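Here is a quick tour of a model, strand by strand and then core by core. Keep the viewer open as you read.

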Amino acid sequence: VQAALRLALCVAAALAPPGPGLAHPMAPALLELRALEDGQVEVRFKRTRFLRSRAGAEALIPLLPEDCAVQGAIRSTVEGTVRVDRYRVRCEAGLVGREVGVGGLAENRIDALLRVELPDGRSLQRVLRADRPTLELPPRPSAVDVLLSYLDMGVRHIFSGLDHLLFVLGLVLLVRRGPGYLRRLLVTLSAFTLGHCVTLSLAALGWMRVPGPPIEFAIALSVLLLAVELARGGIGGTREARLPWLLAASFGLLHGLGFGGALLEAGLPEQDVGVALLSFNLGIEAGQVLFVAAVLAAGACLRALPGVGAGGRLPDPMVRAPVYAMGVLAAFWCLERARGLLP
């Protein structure tokens, strides 16, 4: 056990984020452009107030064509954890066929959602990233573009959320090995999926509103509780291990609020809400399936090593090391996120 604990501390030190808030990505920015008949464009720019640095905050700006001149004053308001700028510009040559976007995505390590409404009623939605911060507005947007953008965003979201991935790893360890293992694992992961799909959709649609800091703290606490359960014998032993789907479904509801919170702050395309929600959920599930497949493959490779996986089982310290690493990181996140609950 001591050897496993030392190994876990090394793993946790390697995985621990160097600064606050890196266990989970920041909410994406949102740029809305509403083009009017006379060349006027209403601009609404929404982003989190808690950026990494002053330089990053100054770099995070809308990118519009050079001939777009601001008309009147910029109205800024604060809505919870986000800042919203509203103003109007006049673009002599319009927006169609020209590039718009958001600068400063690389500096702040976030994505941005772009939503454009054209005078004839057509609309366009796209996810912008650091490697592609701008988009040339096509004459005819497609629902396929929305589906692919939110699908990709879902995959990136699950892989950038280490707390969610560690909880999925804990579920894999919680399911007892033996006859029917893959069936029990599938049922457990499906229960987690069903739980977070429900609350993700409710939160993203604005039908369930829960403040972000308590949710982030509760997610970290769920990882810690799962690590404690595994450390005290949950790997094939306790009642929770015999009913892992029940625990997965319960905490899935909680994790769904975390997924939906970021999507709610950014907003959903009004004309393609169903497509965006479905593709974002599918993206999260695709990332989850890839992660579980990688974990199972790694376990199979370790058990195949001579002298390591004797009898098809890994040595106890090797099994418990990731559990202790989960516990150390989750305890750190709980302490870090508890500060957000204080006045």
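Strand β6 (residues 99-103) and β9 run antiparallel and are joined by three bridges. Look for glycine 101: its bridge partner in β9 is threonine 134. A word on terms: strands (E, at least two residues) and helices (H or I, at least four) are DSSP runs, numbered from the N terminus, and two strands count as paired if DSSP finds at least two bridges between them.

These two strands belong to an open, antiparallel sheet of three, ordered β3-β6-β9. The edges are β3 (61-63) and β9 (134-136); each has a single partner strand, so one side of each has no neighbour in the sheet. On average, neighbouring strands here are turned by 15 degrees against each other, direction ignored.

## What you are looking at

This is a predicted model, in which local features need pLDDT of at least 70 and side-chain atom pairs count only at pLDDT 80 or more, while totals for chains, interfaces and linings use all residues. Residues are numbered from 1 along each chain as its sequence is written, and side-chain values use heavy atoms, with hydrogens and water left out.

The protein chain averages a pLDDT (the predictor's confidence in each residue, from 0 to 100) of 80, and 82% of the residues score at least 70. Residues 1-5 fall below 50, and beyond near neighbours in sequence that stretch has six contacts (heavy atoms within 4.5 Å) in the model. Residues 7-25 are also below 50, with 38 such contacts.

## The six-stranded sheet

There is also an open sheet of six strands with mixed pairing, in the order β4-β5-β2-β1-β7-β8. Its edge strands, β4 (68-79) and β8 (123-128), each pair on one side only. Inside it, β1 (residues 29-35) and β7 (residues 112-117) pair in the parallel sense over six bridges, with leucine 33 opposite valine 116 in β7.

Helix α4 (residues 143-160) lies across β7 and β8, at about 25 degrees to β8. Axes are lines fitted to C-alpha atoms, for helices over the stretch in contact, and angles run from 0 to 180 degrees between N-to-C directions.

## Two cores

A nonpolar core is a set of buried Ala, Val, Leu, Ile, Met, Phe, Trp, Tyr and Cys residues joined through side-chain atoms within 4.5 Å; buried means under 20% relative accessible area (1.4 Å probe, protein chains only). The largest has 44 residues, and Tyr150, Leu166, Phe167, Leu171, Leu185 and Leu226 have the most contacts inside it. Its largest share, nine residues, comes from α5. Apart from it lies another core, of 25 residues, including Phe45 and Leu124.

How values were computed
Buried means under 20% relative accessible area, exposed over 50%, partly exposed in between (1.4 Å probe, protein chains only).
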